[in-house]
Amino acid sequence: MDYQKLSKEVSYALRHAPHEYELELDDQGWVSMAQLLQALQEVPLWSQVTEEDLHEMISRSDKKRHEIHNGKIRALYGHSVPQKIRKEVKTPPDILYHGTATRFIDAIMKNGLLPKGRQYVHLSEEMATAKQVGKRRDEHPVILKIDAKLAWSEGVEFYHGNEMVWLADRVDRRYISMINDDESRTVS
Ligand code: HQG
């Protein structure tokens, strides 16, 4: 079984297109595993997929994208569904990072970080992770440093995605600074 491919399809279903799979997410993004399996099994490629495979998919993944609990499964972040997925408000680390493409910098420094196609802005706990995120869009991404401590102290809410990913509704430009090249070169 190609677990990476399975993970991509599960992410697509749970983050973006539950309707296509006739899935109903609750307000925290959970859906019963039985319902997801039934929907996946209608796709020829996944006709044999089992609950064990979903566990295996999660344990093999480089990132904690999905979570299983009490017979249910959910995507931990990344949603674009119209129905708002409610996340747990949590005190963030003092500093968070966001990796992005150079071509977006002017707009970000003017308007702040906006969720764009997703429900939340995605922030990284580590600079190296932010760099990887930015590399999806730009060979030489820009890493932004977010003063989460100040934002939190001024009432901005942060939400827990997984142990590396934090979410926010938006991030005002006052909390954003650019990391210089030397500092960003220290992480791969
Ligand atoms: C940019 C992946 C112009 C923002 C990753 C980003 C992550 C602005 C893009 C997760 C802007 C949105 C999310 C503004 C933000 N003007 N551009 N004002 N504000 N942007 O994909 O953070 O592997 O929705 O910088 O690893 O890149 O799928 O967000 O470049 O954790 O599990 O608008 O997706 O996770 O892009 O990535 P995205 P993201 P997975």
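I started with Asp-169 in this predicted model and found it partly exposed, with a relative accessible area of 33%. Its side chain meets that of Lys-84 in a salt bridge, 3.6 Å from N to O. Asp-169 sits in the loop between β8 (165–168) and β9 (176–178), and Lys-84 in the loop between β3 (72–75) and β4 (95–100), so this pair ties together parts 85 residues apart in sequence. I looked up Lys-84 as well: at 44% relative accessibility, it is partly exposed.

Next I asked how many salt bridges there are by this rule. The count comes to seven. One of them joins the side chains of Asp-62 and Arg-65, at 3.2 Å from N to O. Asp-62 counts as exposed, because its relative accessibility of 67% is over the 50% cut-off.

Then I followed Asp-172, whose side chain forms a salt bridge with Arg-174 (3.6 Å, N to O). Asp-172 is partly exposed at 29%, while Arg-174 is exposed at 55%. I noted that Glu-154 joins these two in a network of salt bridges.

I turned to surface charge and found a positive patch where Lys-63, Arg-103, Arg-136 and Arg-137 gather. Arg-136 belongs to the loop between α5 (127–135) and β6 (142–147).

Is Tyr-159 buried or exposed? I found it buried, because its 7% relative accessibility is under the 20% cut-off. Tyr-159 is part of strand β7 (residues 158–160).

Last, I checked the domain assignment, which gives domain 1 (3–75) and domain 2 (95–186). Their C-alpha centres lie 28 Å apart.

Conventions: Residues numbered from 1 in each chain as written. Predicted model: local features only at pLDDT ≥ 70, side-chain atom pairs only at ≥ 80, totals over all residues. Heavy atoms only, no water. Patch = residues over 30% accessible without salt bridge, like charges linked within 9 Å, V, L, I, M, F, W, Y side chains within 5 Å. Areas by Shrake-Rupley, 256 points an atom, 1.4 Å probe, with all protein chains shown as cover. Salt bridge = Lys/Arg side-chain N within 4 Å of Asp/Glu carboxyl O. Lys, Arg positive; Asp, Glu negative; His and termini not counted. Charge placed at Lys NZ, Arg CZ, Asp CG, Glu CD. Helix = DSSP H or I, 4+ residues; strand = E, 2+ residues; numbered from the N terminus. Domains from an automatic or database assignment. Buried < 20%, exposed > 50% of the residue type's maximum accessible area, 1.4 Å probe, protein only.
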